[in-house]
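Look at the model first, then read on.

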Amino acid sequence: MMGPSTHAVVFDCDGLLLDTEPCWERAERGLLDHLGGTWDDRIRTQTRGTSVEATAVLLTRIAGADLPVDDGVRMLEARFEAEFVRD
C-alpha cells in the first residue's frame, strides 16, 4: 500500500528486475499437458506478450479441452505461482 513516505513505484514489465518468462513457459507447458495437449515451441511465440486470458484460451483450444476461460486462467496462474516460488 502506498503511504505518505512512498515516492515511487516500479512496474517491471520487461524482465529488468525479474525474468519470469521461464516460469510462464513451464506453467503453460504444464497446463497444456494437464489438458491433454502436446507442447510445441511455436506455441510460446504465440503466447509471449499476451494476456493470461488469451493464453488460457489458446492452450485450451490446442488441447481440445472443454474448459471455461476463468478456470483456465486460475489453473495457469496457480501453475505460474508454483513455478515462481520453485525458482
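Predicted model: local features only at pLDDT ≥ 70, side-chain atom pairs only at ≥ 80, totals over all residues.

Salt bridges link E21, E28, R44 and R48 into a network. A salt bridge here is a side-chain nitrogen of Lys or Arg within 4 Å of a carboxyl oxygen of Asp or Glu. By this rule the count is nine. Numbering starts from 1 along each chain as its sequence is written, and side-chain values use heavy atoms, without hydrogens or water.

- R44 and E28 meet at 3.0 Å, N to O. R44 sits in helix α2 and E28 in helix α1, 16 residues apart. Helices are DSSP runs of H or I, at least four residues, numbered from the N terminus.
- Both R44 and E28 are buried (under 20% relative accessible area; exposed is over 50%, partly exposed in between; 1.4 Å probe, protein chains only).
- R26 and E83 meet at 2.6 Å, N to O. R26 lies in α1 and E83 in α4, so the pair ties together parts 57 residues apart in sequence.
- R26 is partly exposed at 25%, whereas E83 is buried at 17%.

**Helix α1**
- Its buried residues include C23, W24 and L31.
- The buried residues of α1 pack against α2, α3 and α4 (69–86), where contact means heavy atoms within 4.5 Å.
- G36 follows α1, with a positive phi near 95°.

**Confidence**
- Mean pLDDT of the chain is 90, and 92% of its residues reach 70 or more.

Methods: pLDDT = per-residue confidence, 0-100. Helix = DSSP H or I, 4+ residues; strand = E, 2+ residues; numbered from the N terminus.
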